[in-house]
Structure formats: structure tokens, C-alpha cells
Amino acid sequence: MWETNQELIKSFKSLYKELENANFIMSNEIITKILKFITTNEPLYFAYKHASQNFNFESIFQEVAANGRFKLPDDEYKTIVFVTKLLFDIDRGKIEYFNFLKNTFPRVDLNDSYNDFCKSIVYPYVLAFEKLLSKADRVVAIEGAAQIQKLPQQLMDLFQSNIVSVYDHLQSDKSLAEPARQELIVILEGLSYAVENGNAMLIKSQWLGLKYALLANRAYTSQVRAFENELKNYSII
């Protein structure tokens with residue numbers, strides 16, 4: 001648990017330096033770490049949640065890409081909304097990372113484009129959080145807050161897509177007896193409810209019940225493993 005927001009931002013800046021000192025090939029893993037840092041530290045998450053209630057990515061993108069140039073807005077909240085969504089889309093492959101760098105920051109050397117991305121997008125993103133959090137020195141998070149906070153919508157959508165994949169597999173698995181299938185689906189629906197409410201602690205408890213029921217019925221599949229990996233990536237389990 002961080003004692004002050006200054007300490008939290010110091011760690012965030014260290015994570016940014018890790019990104020800046022890396023290269024394009026190694027940066028995907030660090031982007032994932034940055035997103036995990038945002039979603040599991042309540043002051044950062046609270047700032048993002050507050051910002052996303054007032055702005056949307058599409059309108060900010062029009063502002064950022066106005067006049068054929070790429071420039072982040074001066075408003076810290078808009079920057080947080082825009083860059084968080086951008087990083088999530090890069091991390092999940094919705095944005096083709098290589099083409100985005102070359103098209104947005106055209107340079108002869110790809111690593112120069114990558115450095116421009118770090119300095120023009122990610123660093124101002126860190127500074128936006130720093131400016132907002134500097135208004136209140138004490139961290140609002142309590143111990144274990146990462147377990148009870150409401151998760152960002154992008155993360156909830158990601159988890160729900162994994163649940164749909166597991167559900168589809170259960171429906172098509174001919175090796176399962178029908179009573180066992182229906183019991184597993186009921187537990188899966190409970191997990192879906194927990195995800196819909198964004199409660200990480202409830203997600204964890206529902207997941208454990210589902211996991212052991214799946215193992216008992218020899219239904220722990222690649223789809224289930226993919227979901228488990230996502231939950232681990234974001235420190236839910």
C-alpha cells in the first residue's frame with residue numbers, strides 16, 4: 001500500500017522509464033504492466049473513472065487528430081481517457097501497434113517512432129495523473145482496495161468476452177452430462193454477474209468455485225485457461 005500519492009506517482013514514473021528504456025519489441029509487456037498498475041491502484045483508477053464519466057474516446061480522438069496532426073489535449077482528464085483507451089486497444093490487438101507507430105510518428109527508424117510515442121503520449125499521460133493526484137497528498141486507497149474497487153469498463157468487457165467463450169464451449173462439449181453442464185452454466189452466470197458489477201473480490205470468489213467445478217468435470221479447457229490468465233494479468237486472482 002502506498003502512503004502518499006507522491007510515492008505512487010514515483011513508482012508510476014519508474015514504470016514509464018522502463019518503457020522508455022525498452023524498445024518496440026519489448027514494449028508490449030510493459031504496456032500491459034502499466035494498464036495493470038492503473039487498474040489495481042485506486043487513486044489512479046478513481047481519476048480514470050471520474051474522467052471517463054465526462055468524456056468519451058471518439059470525441060477526444062477527433063480533437064487529438066485535428067488538422068492532420070496528433071496532439072494530446074491540454075485537459076488532464078481528456079488525456080487520461082484517451083491514452084488509457086489507446087493503450088488498452090494496443091494491448092488487446094484492436095490497434096495494430098506497428099502500423100500505429102509508423103503512421104502516427106513517421107520516422108526512418110522504428111525505434112525513433114517508438115521513442116516519439118513514449119515521449120509524446122505516454123509521458124504526458126503519467127504527468128496528467130501526477131497533476132490530478134497532487135491535489136490530495138494522502139492516498140485514498142485502503143489496504144486491499146484493489147480487490148474491492150469497481151473495475152474499468154474495458155476490463156469488464158474483456159472478462160465478459162472470455163466468459164462467452166467458456167459458455168460456448170460448455171454448450172458444445174458432448175462429453176458433459178446434461179446435469180453437470182447446467183450446474184456449470186449456473187456458476188458461470190454467477191461469475192458473469194460479478195464481472196458485470198465490477199467487483200474484483202466477488203469475481204475472485206466466483207472464479208474459484210467455477211474453476212474447481214470445471215476441474216471436477218474435466219472441463220478445464222484452453223478457453224478457461226485463457227480467462228484465468230487474464231484474471232492473473234490484472235491481479236484479480
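What share of the contacts in the protein between residues at least 6 apart in sequence join residues at least 24 apart? The share is 69%, where contact means heavy atoms within 4.5 Å.

This is a predicted model, in which local features need pLDDT of at least 70 and side-chain atom pairs count only at pLDDT 80 or more, while totals for chains, interfaces and linings use all residues. Residues are numbered from 1 along each chain as its sequence is written, and side-chain values use heavy atoms, with hydrogens and water left out.

## Overall build

The protein has 12 helices and zero strands. Helices (H or I, at least four residues) and strands (E, at least two) are DSSP runs, numbered from the N terminus. Taken along the principal axes, the C-alpha atoms fill a box of roughly 60 × 45 × 30 Å. Of the 237 residues in the protein, 46% are buried. Buried means under 20% relative accessible area, exposed means over 50%, and partly exposed lies in between, with a 1.4 Å probe and protein chains only.

## Helix 1 and its partners

Helix 1 covers residues 5–21, 17 residues in number, and reaches 24 Å from its first C-alpha to its last. That is close to the 24 Å expected at 1.5 Å a residue; the expected span is 1.5 Å times one less than the number of residues.

The buried residues of helix 1 are Asn5, Leu8, Ile9, Phe12, Leu15, Tyr16, Leu19 and Glu20. They cover an arc of only 145° around the axis, so they are on the same side of helix 1. The arc is that of the directions from the helix axis to the C-beta atoms. An α-helix has 3.6 residues a turn, so residues three or four places apart point the same way. The face of helix 1 turned away from the buried side carries the exposed residues Lys10 and Asn21.

What do the buried residues of helix 1 pack against? They pack against helix 2 (24–39), helix 3 (42–52) and helix 7. Glu20 gives one case: leaving aside neighbours within four places in sequence, Glu20 is in contact with Tyr114, Asn115, Cys118 and Lys119.

## The nonpolar core

A nonpolar core is a set of buried Ala, Val, Leu, Ile, Met, Phe, Trp, Tyr and Cys residues joined through side-chain atoms within 4.5 Å. The largest one has 74 residues, and those that touch the most other members are Phe12, Leu44, Phe117, Phe129, Phe159 and Leu170. Helix 7 (residues 110–133) gives the most to this core, with 12 residues. Not counting residues up to four places away in sequence, Phe129 touches Ile9, Phe12, Ile38, Leu44, Ala47, Tyr48 and Ile80.

Leu110 is also found in helix 7. With neighbours within four places in sequence left aside, Leu110 is in contact with Phe24, Phe98, Leu101 and Lys102. Leu110 and Asn23 are 87 residues apart along the chain, and their C-alpha atoms are separated by 9.2 Å.

In helix 4, Phe57, Ile60 and Val64 are buried. Seen down the axis, these residues fall within an arc of 70°, so they line one face of helix 4. The buried residues of helix 4 pack against helix 5.

The largest pocket has a volume of about 460 Å³. On a 1 Å grid over the protein atoms alone, a pocket is an open set of points with protein on both sides within 12 Å along at least five of seven lines, and lining residues have an atom within 4 Å of a point. Grid points are joined across faces, edges and corners, and a volume is the space filled by probe spheres set on the points. Of the 23 residues that line the largest pocket, the closest to its centre are Tyr48, Pro152, Gln153, Gln154 and Asp157. Helix 3, helix 4 (57–64), helix 5 (76–91) and helix 9 (153–172) each supply at least two lining residues. The largest share of the lining, five residues, comes from helix 9.

| Residue | Relative accessibility | Class |
|---|---|---|
| Leu110 | 19% | buried |
| Glu20 | 18% | buried |
| Asp74 | 68% | exposed |
| Arg218 | 79% | exposed |

Asp74 lies in the loop between helix 4 and helix 5. The C-alpha atoms of Asp74 and Leu155, 81 residues apart along the chain, are separated by 26 Å.

Arg218 is in the loop between helix 11 (200–216) and helix 12 (222–233). Most residues other than glycine have a negative phi. Arg218 is not a glycine, yet has a positive phi of about 55°.

Technical notes
On a 1 Å grid over the protein atoms alone, a cavity is a set of points where a 1.4 Å probe fits but cannot get out, and a pocket is an open set with protein on both sides within 12 Å along at least five of seven lines; lining residues have an atom within 4 Å of a point.
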